Amino acid sequence: VAMEVGGGKGSEEGKSKFLLINESDGSDNEIEKAPLLKGKSGKSGKEVREINDAVLVPSPTQLWSIRALWFFLGATNPFPGVALRFYMVNDLGASPHLQALIGVLSGFAWNLKMPVAFASDVIPVGGYRRKPYLYFGLAIYMFSFMGLAVFPPGYGTATVFMSLSTLGQMMAGVMCDTLIVENMRHESAATRGKLQTECWILMTLAGIGGTLAGGFVFAAPSMTNSRVFMINALIKLLVVPFAFMLVENPIPPPIAGTPAESALSTASRRGTEMWEALKQASVWQPTLFIFLFSIFPNPGTAMTNFFIEDLGFGEEELSYIAVVASVSGALGMGIYYRYFKEYNWHWFFATVIILSAGLSLTQLLLVLHVNRRWGVPDLAFALGDDAIVDVTCSLLAMPILILIASICPAGVESSLYAFVTSVQVAGGTVGGTISAGLIEGFGITLHNYDRLWQLVLVRNLI
């Protein structure tokens, strides 16, 4: 599937050769397939590591496999959402407090992104660093939902299997991120970020279909939560063929007479490489910006409660808003890649942040019910306002994602990308804490939104 450049069947020795990129100097090199697979090249340990860090130039089949992988993961991940909500309420009979506790415990696996990413960088399985961890993630995810379908409902059972499903989803997600980072380095300046943008758009739009499909299946006659969980486990098999189609450069075995590098030595070397990368201004400065940008407060929770309690929106209206948000997000990603990817990032971020702050102030019109005086229904105004906000948010999010992927050096792509995204999540946690403090400080409750306009104003000014 890789790009063959010479030495095929018509060559003197009948050995296939593949075009690879040497990460140490960026030069093109022809590496014989047989020595690469069998480890009989007579090269030094340093040269073997350089070959090990080389990456096969992705073929169209490889790139379409990655896109398909993201699409089907985007479609299948939200599929059991409705059934899980009813499982918690009807089958478990869990109170809101217990639901929140189970959610916290089952979501803990997201904090393991760094260990899993680092393990894939330093501990190959069967000579490969990415595909086995992707397979493990898919298998764990399928097993967890089979467990939810088969075992009787219980707090312990639910917590264990939901935690395993999060672990599987996280492992698959980390490997999908890494596949994009590894393949992005082969993009030209004119196409930089193309694969990442397309994958995120595909995942976002597929998520809409997956959510709707999950709701339709759940509403089918004689359908139960357990059956939805079993169906969800089985439809994950749609991802498997594309996972197997991925091409990964195998790690060659040690040369005869050369001791194999231990896992501890590899971990130490990769850790040093990651630390050296983090010390570079081109890495730590964007990482710091991402963290600071993520800590800005967000009135999202208060606005959602306002939609429900003050405007009287139900499940149907909230579903419309969610769909518009997803479509608008995908539209914003596409707009950035099509029209703004060549712009200077400093000026682009500054312009969009100012523009976003100004456009987000339209929420004040909804909060103060000005739209009603204009004769515009609440839902129509909320949909239009949400579309504008989500497009501008995506215009900011997409270059950040491309920025994160572009600063990851070879060899520690998975670890560094997971680290930076974890920093982004940590910033979001801090921002959520600040938001909660502001909501409480303004006296906003489930039944009092008198000062919500002040929260929206302060958030946009910050």
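Predicted model: local features only at pLDDT ≥ 70, side-chain atom pairs only at ≥ 80, totals over all residues.
Me: Why is serine 120 called buried?
Reply: Its relative accessible area is 0%. Buried means under 20%. So serine 120 counts as buried, because 0% is under 20%. Serine 120 lies in helix α6, residues 113-122.

Me: Why is aspartate 450 called exposed?
Reply: Aspartate 450 has a relative accessibility of 61%. The cut-off for exposed is over 50%. The value of 61% is over 50%, so aspartate 450 counts as exposed. Aspartate 450 is found in the loop between α20 (413-441) and α21 (452-461).

Me: What makes the pair serine 120 and arginine 130 a polar contact?
Reply: Their side chains are joined at 2.9 Å. A polar contact needs N or O atoms within 3.5 Å, one able to donate a hydrogen and the other to accept it.

Me: What else does the side chain of serine 120 reach?
Reply: It reaches the backbone oxygen of alanine 117, at 2.7 Å.

Me: Which residues are in contact with serine 120, leaving aside its neighbours within four places in sequence?
Reply: They are Arg129, Arg130, Tyr133, Met175 and Ser414. Contact here means heavy atoms within 4.5 Å.

Me: Which residues does leucine 416 contact, leaving aside its neighbours within four places in sequence?
Reply: Leucine 416 contacts Met274, Ala277, Leu278, Val283, Ile407, Cys408 and Pro409.

Me: How do the axes of helix α13 and helix α19 cross?
Reply: The axes of α13 (residues 281-294) and α19 (residues 378-406) come within 11 Å and cross at roughly 150°. The crossing is left-handed. On α13, Pro286, Phe289, Ile290 and Phe293 make the contact. On α19, Leu396, Ile400, Leu403 and Ile404 do.

Me: How many helices and strands does the chain have?
Reply: It has 21 helices and four strands. Of its 462 residues, 43% count as buried.

Technical notes: Residues numbered from 1 in each chain as written. Heavy atoms only, no water. Helix = DSSP H or I, 4+ residues; strand = E, 2+ residues; numbered from the N terminus. Buried < 20%, exposed > 50% of the residue type's maximum accessible area, 1.4 Å probe, protein only. Axes fitted to C-alpha atoms, helices over the stretch in contact; angles between N-to-C directions. Left-handed = near helix turned anticlockwise from the far one by under 90°.
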